[in-house]
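Have a look at the model, then read on.

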Amino acid sequence: MKRSTRGCGCAIAVLVVLLAAGGGAFWKWGLPWLRTRPPKPTGELQVHVLDVGPIEGDSILIISPTGKSVLIDAGDAGKGKPILDALKRYKIERLDYFIATHPHPDHIGGADEVMNAIKVGTVIDNGVDLSTPAPSPASVKKGAKPAPTPIPAKKSKVKSVNSFFDEYKDALQKSGAQHEMAVAGKKYDLGGGAIVTVLAPNEPFFTRDQMKGGGNDTNANSIVLRLDYGDFSMLFMGDAEEQTEARLLGKDLNLAAKVIKIAHHGSKYATSENFLKRVQPEAAIISDGEWNRYGHPAQSVLDRLKAMNAKCFRTDLQGEISLTTRGKIDAGKLYDIKTAKDAKEDVWTGREGQKDDASRSGFIAYGDFGPPPKAKSEKSKK
Ligand SMILES: [Zn+2]
């Protein structure tokens, strides 16, 4: 009896040890694996054009049918919170790709907050380096693309475009993410049949001298993307300018798309008639801020879209704009677009511009004229 009791005690002890070891192993390796494994394919592709607030900025979240995630741009500096909130809302714990279309603060300003808060697999940008210039020109690294336009020193207290880029670069280095430069023609497989293709920039990069007719060279070198999923297609224009569109038109590219994220917040220097004729969009989404002073969106752009019978959606009037599609007609629709709120004003009425957003007028980037005008206060309404 004694022997048998001892044997039983040993077996229990071994079992306890094994269970403890198993539990520990699960805690250490099993749980992280469960957290990082891709979610089950849903068959649904989502595109959320985020509302980053009244100060202008782009940020678009794509979630593929297999759960891969892409963030295109990250709003303005210090405005990472609405983006991080959206990532939480859509249960994104890791971004597969972060794409910075061009190094202006209204596109990369919140990138440091995003990269500090969430793991990013690969960061893709256009390779334009707007770092604060080193004291000696000899220290410029070989191979790095030079800034297309010298950034004049600012007299005001507003941070320079260079310092925003420094923060982006610093966060990128600390994040441990892979870094790639966008190459026109390269495709990224998001799984489930969803593919992102880089359409621009194309070498040689636009220079300030080429912008005499209007527009801005840094914008003109934006990354332009095409997203395909079954019968659905969408263009993401970044802050591309008419010159970018003309270059794309000159190439043998499939530019026809069901939906277009309009270039440069609806600036009058982009979304040309010739380009729209090739794209033939059914719906246009404009990411713009209600406090912008650049006349975004321009009435001329809205008129061109209206003439094409395209539907128009605007983040300044409707907040976040969310598109879902199964890549084929489902319940009578190829895709569905929902807005966070109903527009209180006419989406077909543009905004008056107080400032020009072309290189020739000294435009550098949004925010370069100080804080936006105050919205009508409660006091003035009374
Ligand atoms: Zn912009």
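In what order do the eight strands of the open sheet run?

## The eight-stranded sheet

The order is β6-β5-β4-β3-β2-β1-β14-β15, with mixed pairing. At the edges sit β6 (178–181) and β15 (333–339), each pairing on one side only. From one strand to the next, the twist averages 20 degrees (axes are lines fitted to C-alpha atoms, and angles run from 0 to 180 degrees between N-to-C directions).

Strands here are DSSP runs of E with at least two residues, helices are H or I runs with at least four, and both are numbered from the N terminus. Two strands pair if DSSP finds at least two bridges between them. Take β1 (residues 45–49) and β2 (residues 60–63): they're antiparallel over four bridges, and Val 47 has Ile 62 in β2 as its bridge partner.

## Where the model comes from

This is a predicted model; local features need pLDDT of at least 70, side-chain atom pairs count only at pLDDT 80 or more, and totals for chains, interfaces and linings use all residues. Residues are numbered from 1 along each chain as its sequence is written.

## The seven-stranded sheet

Another open, mixed sheet has seven strands in the order β7-β8-β9-β10-β11-β12-β13. Its edge strands are β7 (187–191) and β13 (311–314). Within this sheet, β11 (residues 259–261) and β12 (residues 283–286) run parallel, joined by three bridges; Ile 260 is partnered with Ala 284 of β12.

## Ile 260 and its contacts

Beyond neighbours within four places in sequence, Ile 260 is in contact (C-beta atoms, placed from the backbone, within 7 Å) with Met 234, Leu 235, Met 237, Val 279, Pro 281 and Ala 284.

Key:
Contact = placed C-beta atoms within 7 Å.
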